[in-house]
Amino acid sequence: VFAILYEGYVALKEYRSARLFDAIKYIEDADTRKARKIIYEKLQKYSPANNWWEQDSDLADAAAAVCARYNLLGAVSREDTGLRRFVVCEWVNNICSTYETLGEYMRYREGSKTGRPGMFRRYAELYEEARRLSAS
């Protein structure tokens with residue numbers, strides 16, 4: 001019986017490790033890093049109320065990619081507290097800075113005729129957890 005329990009424990013640890021590694025690969029792949037870089041570099045020249053997404057398609061594409069990635073990461077990690085804690089702790093700065101930088105864009109996308117209200121709600125939840133962590 002002990003051997004079976006131990007094998008189950010090892011299998012669970014391997015599963016959790018694989019999920020952590022998948023999260024790292026997902027949020028740190030080359031496309032996501034490039035999109036974050038574009039956002040950080042290009043958004044400095046626009047004022048927040050400027051509707052920059054209508055003026056720069058590369059920047060709009062980067063914003064869409066980052067929002068979608070963090071939203072999906074928030075959804076996937078929502079029920080797995082260990083994975084969620086890892087994601088929030090390790091990416092607290094990226095989560096907070098991109099969310100705050102892209103706030104107007106997300107409000108536009110959720111409120112526009114092509115968007116859906118709450119389409120980035122999992123990203124918002126991830127941000128709130130990260131914000132609380134960075135404030136403590």
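**A chat about salt bridges, helices and confidence**

Guide: Arg-84 is buried, at a relative accessible area of 6%, where buried means under 20% relative accessible area, exposed over 50%, and partly exposed in between, with a 1.4 Å probe and protein chains only.

Visitor: What kind of model is this, and how are residues numbered?

Guide: This is a predicted model, in which local features need pLDDT of at least 70 and side-chain atom pairs count only at pLDDT 80 or more, while totals for chains, interfaces and linings use all residues. Residues are numbered from 1 along each chain as its sequence is written, and side-chain values use heavy atoms, with hydrogens and water left out.

Visitor: Which residue forms a salt bridge with Arg-84?

Guide: Glu-129 does, with the closest N and O atoms 3.0 Å apart; a salt bridge is a side-chain nitrogen of Lys or Arg within 4 Å of a carboxyl oxygen of Asp or Glu. Glu-129 lies in helix α7 and Arg-84 in helix α4 (residues 81–90), so the pair ties together parts that are 45 residues apart in sequence. Helices here are DSSP runs (H or I, at least four residues), numbered from the N terminus.

Visitor: Is Glu-129 buried or partly exposed?

Guide: Glu-129 is partly exposed, with a relative accessible area of 28%.

Visitor: How many salt bridges does the structure hold?

Guide: There are ten salt bridges in the structure, and one of them joins Arg-36 to Glu-28, again with the closest N and O atoms 3.0 Å apart. Arg-36 is buried, at 6% relative accessible area, whereas Glu-28 is partly exposed, at 23%.

Visitor: What does Thr-98 touch?

Guide: Leaving aside neighbours within four places in sequence, Thr-98 is in contact (heavy atoms within 4.5 Å) with Arg-36, Tyr-40, Val-66, Tyr-70 and Tyr-123. Thr-98 lies in helix α5 (residues 92–101) and counts as buried, at 0% relative accessibility.

Visitor: Changing topic, where is confidence lowest?

Guide: Confidence is lowest in α1, at a mean pLDDT of 75, and highest in helix α7 (residues 121–135), at 95; pLDDT is the predictor's confidence in each residue, from 0 to 100. The mean for the protein is 87, and 94% of its residues reach 70 or more. Where pLDDT is low, the predicted coordinates should not be read in detail.

Visitor: And what does Ile-24 touch?

Guide: Ile-24, which is placed in helix α1 (residues 2–27), touches Asp-29, Phe-86 and Trp-91, not counting residues up to four places away in sequence. Ile-24 and Phe-86 are 62 residues apart in sequence, and their C-alpha atoms are 9.9 Å apart in space.

Terms used:
Helices (H or I, at least four residues) and strands (E, at least two) are DSSP runs, numbered from the N terminus.
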